[in-house]
Every structure is written in C-alpha cells, then in structure tokens.
Amino acid sequence: MRPENFIIDVDGVLTTGQFYYSDKGKILKVFGKDDADALNLLKDKINIYFVSGDKRGFDISKRRVKDMGFEISLVSTVKRIEWIKQNYNQSKTIY
C-alpha cells in the first residue's frame, strides 16, 4: 500500500533543535537551507503536512513552513499520536 500522507515535526527535523533567546524571549530557530528543495520534489507524490508542539516558537515555524509553500498545525507532542489517529489513515501515513 502506497503512503498518502507525510507528517513532519518541524523542530529537530527541519531545524537544528536550537533556539535563540534574547531578553524578549525566543527570537530565532535555525533551519536547513535545502529542506524546501527536497520537499518540493516530493509534494506531487505525497501530501506533506507539518506539526509543531512549540507554542512559543510556533510563529517562527509557521513563517518558515509558509515560505516553503506548506501548512503547519500546532499539536502538543503528548497528544500527537491521538491527533494523527483522528485526522489521518494510519496505514497510509508516515510520521
């Protein structure tokens, strides 16, 4: 059976997992430069979705994912598996 959905957790997959803080709080994340190119090669073959459990850095992740032409959902890491079960066919989903 061919997978239909590819769900990617932004933090630690598209990023280095590092956060940069100032006295104002979280201000930056480090993303790989070639992620968009690789995902654009796949997007015609599989539905690509992004998730993040990082509430304080969500706007940063959302901006990067939007720049790449995709959408992202804020989903708690604790509730992630249940969210996937409710929204996607598990037998056709890669996470």
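Tyr88 is buried (under 20% relative accessible area, with exposed meaning over 50% and partly exposed in between, for a 1.4 Å probe and protein chains only), its relative accessible area being 16%. The model is predicted, so local features need pLDDT of at least 70 and side-chain atom pairs pLDDT 80 or more, while totals for chains, interfaces and linings use all residues. Residues are numbered from 1 along each chain as its sequence is written, and side-chain values use heavy atoms, without hydrogens and water.

Tyr88 has an aromatic partner, Tyr49, which is partly exposed at 29%. Rings of Phe, Tyr and Trp (its six-membered ring) pair if their centres lie within 6.5 Å; planes under 30 degrees apart are stacked, over 60 edge-to-face and the rest tilted. Here the pair is tilted, at 5.1 Å centre to centre and 50 degrees between the planes. Tyr49 lies in strand S4 and Tyr88 in the loop between helix H3 (80-87) and strand S6 (93-94), so the pair ties together parts 39 residues apart in sequence. Helices (H or I, at least four residues) and strands (E, at least two) are DSSP runs, numbered from the N terminus. Ring pairs also bring Trp83 into a cluster with Tyr49 and Tyr88.

Helix H1 comes next. Its buried residues are Asp35, Ala36 and Leu39. Seen down the axis of H1, these fall within an arc of 90 degrees (taken from the directions from the helix axis to the C-beta atoms), so they line one face of the helix. On the other side of H1, Asp37 and Leu41 are exposed.
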